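Here are some exercises to work through with the model open beside you. Try each task before you read its solution.

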There are 2 protein chains.
Amino acid sequence: MVKQERAARTREALIRSAAEVFDQEAFSTASISAISSLAGVSNGALHFHFANKAVLAEAVEEEALARLLAVTDRALPSGASRHVQLLVDVTQGLAAALCADVVLRAGFALSGELNRPRRAGLRDRWRLWVHETLRRAEEEGELRPTVSAGDVETAVVAAAVGFEVLGGRDPAWLSASTVTRFWRLLLPTLVPAVRLGGLRAEGTRLT
Amino acid sequence: MVKQERAARTREALIRSAAEVFDQEAFSTASISAISSLAGVSNGALHFHFANKAVLAEAVEEEALARLLAVTDRALPSGASRHVQLLVDVTQGLAAALCADVVLRAGFALSGELNRPRRAGLRDRWRLWVHETLRRAEEEGELRPTVSAGDVETAVVAAAVGFEVLGGRDPAWLSASTVTRFWRLLLPTLVPAVRLGGLRAEGTRLT
């Protein structure tokens, strides 16, 4: 029992160390020794948990996905534009999480690495969530009739990837005020003028 | 004379080959031999032109910057919202150029590489150009008085980096229709309604 607990902790430490190393350099140059040494274990112990660096990267992506789901999985706000407000809240939450959480950050970066096998990564999952949320907003008549949900999806997904990538060099791109500026600009186009007052570009409280 | 010309051609071929290799994998893992072999020259010939990979990467960035400037340096369109239209036209031109030109694409990617020394890269230059163009648009009264040029800059710079990064995996993100969708969404917020008819989200002809 104690042994199992220790193994789980080592696994967790290795995933976090791998994320820190991947966050600092590309996956392809990240060294296994740097990861095990940062986690305070031997290379042998690392290989006991993860056959190779690709398997370790998959574990980082899986853990990052769990954290992305924790950000997107929140109660629907109240109000007439609740899906649009949810989109704003989750974008704010994602930027804050990307700033604070190295595992989430590494997971997003890994999904953009060109020399890894192409599979559904975090950016694809994020896009899917934005797509679904906007579809519901459209269904419930939250969007202006002149606005296409697809156009909004394009802008939101592209800007979020931009914030994520630029934030790697300059955290100001992931600040609440940057995301608020983006929504302050976009919201008047998205929703009818009478509904604008009920929306908060800076996001509503966490549930 | 002939010798100088041959040297210039070899240099050009090496820059293009380096861009192609950097475009496929990260700068840090790109091999000098892969670059020289793609250019059809020996490693010795490569080292005659470029002391090391970092110097070669700088040459790629410099050439990419020249190409970015060729995209931004175009005659101001006519019309009441000419700086806004210029911004649209240049964004369209940049997306098309990123799709077609491996040197430009590699230059942008290099400016985002975390494990290279931080210097003003293509993304910074792009941001500066967007900043200047919006400042002029604001000065000439092209923007709605309720819109902040800084908010627009944030959205345009972030979305453009998003298109660039996502376009590395899926060229559809750099298509004219993607960029048009972005502007179709943003333009009604940017300019007064009476001026909207004079603007083209798909861009105006190249000058």
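**Exercise 1.** In which helix of chain A is the place of A:Gln85? Then decide whether A:Gln85 is buried or exposed, and list its contacts.

*Solution.* A word on conventions: this is a predicted model, in which local features need pLDDT of at least 70 and side-chain atom pairs count only at pLDDT 80 or more, while totals for chains, interfaces and linings use all residues. Residues are numbered from 1 along each chain as its sequence is written, chains are lettered from A and ligands numbered from 1 in the order in which they are written, and side-chain values use heavy atoms, with hydrogens and water left out.

Step 1: A:Gln85 sits in helix H5 (residues 82-100) of chain A. Helices (H or I, at least four residues) and strands (E, at least two) are DSSP runs, numbered from the N terminus.

Step 2: A:Gln85 counts as buried because its relative accessibility is 3%. Buried means under 20% relative accessible area, exposed over 50%, and partly exposed in between (1.4 Å probe, protein chains only).

Step 3: setting aside neighbours within four places in sequence, A:Gln85 touches A:Pro77, A:Gly198, A:Leu199, A:Arg200, A:Gly203 and A:Thr204. Contact here means heavy atoms within 4.5 Å.

**Exercise 2.** Describe chain A as a whole: how many helices and strands does it have?

*Solution.* Step 1: chain A has 10 helices and 0 strands.

Step 1: the C-alpha atoms fill a box of roughly 65 × 35 × 30 Å along the principal axes.

Step 2: of the 207 residues in chain A, 50% are buried.

Step 3: take the contacts in chain A between residues at least 6 apart in sequence; 66% of these join residues at least 24 apart.

**Exercise 3.** Look at helix H6 (residues 102-111) of chain B. Why is H6(B) largely enclosed by the rest of the structure, and what does it pack against?

*Solution.* Step 1: H6(B) is largely enclosed because 8 of its 10 residues are buried. They are B:Val102, B:Val103, B:Leu104, B:Ala106, B:Gly107, B:Phe108, B:Leu110 and B:Ser111.

Step 1: these buried residues pack against helices H1 (2-24), H4 (53-72), H5 (82-100), H7 (122-139) and H8 (149-167) of chain B.

**Exercise 4.** At what angle do the axes of H6(B) and H7(B) cross, and which residues make the contact?

*Solution.* Step 1: the two axes come within 7 Å and cross at roughly 95 degrees. Axes are lines fitted to C-alpha atoms, for helices over the stretch in contact, and angles run from 0 to 180 degrees between N-to-C directions.

Step 1: H6(B) and H7(B) are therefore roughly perpendicular. Angles under 35 degrees count as roughly parallel, over 145 as roughly antiparallel, 65 to 115 as roughly perpendicular and the rest as oblique.

Step 2: H6(B) brings B:Leu104, B:Gly107, B:Phe108, B:Ala109 and B:Ser111, and H7(B) brings B:Leu122, B:Arg123 and B:Trp126.

**Exercise 5.** Which side chain does B:Glu164 join through a polar contact?

*Solution.* Step 1: B:Glu164 lies in helix H8 of chain B, and it counts as buried at 9% relative accessibility.

Step 1: its partner is B:Arg123, at 3.0 Å. A polar contact is a pair of N or O atoms within 3.5 Å; within protein, one must be able to donate a hydrogen and the other to accept it, and residues adjacent in sequence count only if both atoms are side-chain atoms.

Step 2: beyond neighbours within four places in sequence, the contacts of B:Glu164 are B:Leu98, B:Phe108, B:Ala109, B:Arg123 and B:Leu174.
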